[in-house]
Amino acid sequence: MVRGKTEMRRIENATSRQVTFSKRRYGLLKKAFELSVLCDAQVGLVIFSPRDKLYEFSTSSMQEIIERYQRHTKDIQCENPAMEQNNMHNLKHDTSSLMKKIELLEKSKRKLLGESLESCSLEELQQMEHQLEWSINIIRARKMEVFREQIERLKENVKDLASENVMLLEKCGGFEMQQTSGGEDVSIVISSEKSDVETELLIGLPMSLN
């Protein structure tokens with residue numbers, strides 16, 4: 001028969017509560033004894049019943065175990081303040097360093113924006129000028145790269161449109177395609193058997209006005 005899960009709350013019935021206490025106390029004492037034997041551990045267990053009756057188990061003298069516990073906790077209490085003080089000192093140092101770095105970055109940002117330049121020396125101004133020129137060159141290079149990517153995409157779109165136009169013209173009438181020696185400008189002359197109008201489409205870079 002499978003035992004149900006015990007609900008963790010106070011047992012209201014006094015008799016049932018006393019029976020459960022006796023069973024659980026015996027089991028706890030047994031586990032403490034097994035732990036001390038199997039693992040060669042020093043164990044001290046103290047239990048007070050609801051009626052203030054003492055039950056205890058210890059592998060040696062209970063007083064010795066209590067004294068050992070007190071020494072151990074005292075050592076920890078002595079170590080913790082020193083550790084906390086050291087950690088606090090490190091945190092204050094890190095915070096101070098970060099604040100100084102933030103202040104320097106803010107000053108550098110204002111100077112690059114053309115503010116608070118009165119206190120700058122000639123060497124600092126020249127250094128900022130070189131830094132700005134270097135940044136502008138990087139920005140311009142990236143801008144030209146974006147322009148080239150957009151032009152290539154537009155060329156691909158033009159080729160796709162030209163192919164679609166050719167397919168439509170094959171269905172509607174005749175056409176004539178010419179390509180310049182450069183390989184980029186494409187001229188399409190459209191003529192229809194049903195119309196006397198000729199249409200010419202030039203694909204490529206616009207002609208210079210000079």
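**Charged residues in a predicted helix-and-strand model**

Asp-160 counts as partly exposed, because its relative accessibility is 44%, a value between the 20% and 50% cut-offs. The model described here is predicted. Asp-160 lies in helix α3, which covers residues 122-172. Together with Glu-152, Glu-156 and Glu-164, Asp-160 forms a negative surface patch.

The protein contains three helices and five strands. Read from the N terminus, the order of these elements is α-β-β-α-α-β-β-β. Of the 210 residues in the protein, 10% are buried. The accessible surface amounts to about 18800 Å², and carbon and sulfur atoms contribute 56% of this area. Among contacts with a separation of 6 or more, 14% are between residues 24 or more positions apart.

Three salt bridges were found in a search of the whole structure. One of them joins Arg-10 and Glu-12, with the closest N and O atoms 3.4 Å apart. Both Arg-10 and Glu-12 are exposed.

A salt bridge also links Glu-103 to Lys-107, where the closest N and O atoms are 3.8 Å apart. Glu-103 and Lys-107 are separated by about one helical turn, because they are four residues apart in helix α2, which spans residues 62-112. Glu-103 has a relative accessible area of 45% and is therefore partly exposed. Lys-107 is likewise partly exposed, at 38% relative accessibility.

In helix α3, the helix that also holds Asp-160, a salt bridge is formed between Glu-145 and Arg-142. The closest N and O atoms of this pair are 3.4 Å apart. The two residues are three positions apart in helix α3, so about one helical turn separates them. Glu-145 is partly exposed, with a relative accessibility of 35%, and Arg-142 is partly exposed at 45%.

Arg-25 is found in helix α1, which comprises residues 14-39. Arg-25 is buried but has no salt bridge. The nearest side chain of opposite charge is that of Glu-56, at a distance of 12 Å. When residues up to four places away in sequence are not counted, Arg-25 touches Ile-47 and Tyr-55.

Key
Residues numbered from 1 in each chain as written. Predicted model: local features only at pLDDT ≥ 70, side-chain atom pairs only at ≥ 80, totals over all residues. Heavy atoms only, no water. Patch = residues over 30% accessible without salt bridge, like charges linked within 9 Å, V, L, I, M, F, W, Y side chains within 5 Å. Areas by Shrake-Rupley, 256 points an atom, 1.4 Å probe, with all protein chains shown as cover. Salt bridge = Lys/Arg side-chain N within 4 Å of Asp/Glu carboxyl O. Lys, Arg positive; Asp, Glu negative; His and termini not counted. Charge placed at Lys NZ, Arg CZ, Asp CG, Glu CD. Buried < 20%, exposed > 50% of the residue type's maximum accessible area, 1.4 Å probe, protein only. Contact = heavy atoms within 4.5 Å.
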